[in-house]
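I opened a new structure today and kept notes as I went.

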Amino acid sequence: MTRDILVRGLDEEVHSKIANASEQLGMSVNSIIKDAADKWVSQLGKERHRHDLILYSDDESLKYLLSKMNELTETNWFKICCGPPKHLGITTLAKYNWLDGTIKPYEKFYQNPTEYAKKIIDSIKPQKNKQLLIAAFLTGDLANDSIKKSAKFCEWYDKKHVPGITHCIALTETIMQNKIEDILELFNCHEQIFVVKNKTLHRLRVTEENFYTLVV
């Protein structure tokens, strides 16, 4: 038996976009929403693998980002952080009672980043009925020395397909002061790239394009 779908809190802009898509596709609004819901439900129970890069502009932006991440994952999440012990991100998440997965002595990370990260991964014990969220400040720290090393490290990590969601979090200035080819290499190691400025989250879309797109 089918039931009508009722979506509360759908703002006018989103509703307008769905209505326009409905006209273009020749589908009802209800069918579009049902299709989206079916795809979402189909992912339930499947092991998720997400590896994103989040750049923050300053300390206040970072603190706001982390407060929102914590707020949005109040229930049914297993939350871990790792990075330099005195990093603002680590000290802030400690106040939210996130598990600190950083392995001591931290200095060993610089000696062999992948071996160090393997130990962190091996130490993570998945919790039943909880999604894994990792806030990692390793990428940004390694980029202070070399963004090339940071990109290679992230490329290795991306191939590990660690369950759950991993957010590599780094200071924008640390990343963007490097050569564009090195920045793109780092970007390409991640599924999505976000930038946080004050209380606003921006998503960057970095795709390779043909030059004809400049004039069409």
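My entries follow in the order I made them.

**Entry 1: the model.** I noted at the start that this is a predicted model.

**Entry 2: the sheet.** I looked up the strand order first. I found an open sheet of 7 strands, in the order β3-β2-β4-β5-β1-β6-β7. The pairing is mixed. Which strands sit at the edges? I wrote down β3 (99-100) and β7 (200-204), each of which pairs on one side only.

Entry 3: Strand β4 covers residues 131-136 and strand β5 covers residues 164-171. They pair in the parallel sense, over 4 bridges. Across this pair, I found A135 opposite H167 in β5. As a reminder to myself, strands of a sheet pair through backbone hydrogen bonds, either parallel or antiparallel.

**Entry 4: a helix on the sheet.** I turned to helix α3, residues 59-72. This helix lies across β1 (49-56), β2 (77-82), β4, β5 and β6 (193-197). I noted its angle to β5 as about 170°.

**Entry 5: the surface.** I searched for nonpolar side chains on the outside. F211, Y212, L214, V215 and V216 form a nonpolar patch there. Together they have about 680 Å² of accessible area. I looked at F211 in particular, which is found in the segment after β7. Its relative accessible area is 70%, so I logged F211 as exposed.

**Entry 6: salt bridges.** How many salt bridges does the structure hold? I recorded 9. I then went through three of these pairs.

R50 bridges to D52, with the closest N and O atoms 2.3 Å apart. Is D52 buried or exposed? I have D52 as buried, with a relative accessible area of 0%. R50 is partly exposed at 22%.

K118 and E115 meet in a salt bridge at 3.2 Å, N to O. Both residues lie in helix α6 (residues 113-123). They are 3 residues apart, about one turn of the helix. I logged K118 as partly exposed, at 30% relative accessible area. E115 is also partly exposed, at 37%.

D182 and K148 make a salt bridge at 3.1 Å, N to O. D182 lies in helix α10 (residues 180-187) and K148 in helix α8 (residues 147-160), so this pair ties together parts that are 34 residues apart in sequence. D182 is buried, with a relative accessible area of 9%. K148 is partly exposed, at 46%.

How values were computed: Residues are numbered from 1 along each chain as its sequence is written. This is a predicted model: local features need pLDDT of at least 70, side-chain atom pairs count only at pLDDT 80 or more; totals for chains, interfaces and linings use all residues. Side-chain values use heavy atoms; hydrogens and water are left out. Two strands pair if DSSP finds at least two bridges between them. Helices (H or I, at least four residues) and strands (E, at least two) are DSSP runs, numbered from the N terminus. Contact means heavy atoms within 4.5 Å. Axes are lines fitted to C-alpha atoms, for helices over the stretch in contact, and angles run from 0 to 180 degrees between N-to-C directions. Patches are made of residues with over 30% relative accessible area and no salt bridge: like charges are joined within 9 Å, nonpolar side chains (Val, Leu, Ile, Met, Phe, Trp, Tyr) within 5 Å. Accessible areas come from the Shrake-Rupley method with a 1.4 Å probe; for residues, only the protein chains shown count as cover. A salt bridge is a side-chain nitrogen of Lys or Arg within 4 Å of a carboxyl oxygen of Asp or Glu. Buried means under 20% relative accessible area, exposed over 50%, partly exposed in between (1.4 Å probe, protein chains only).
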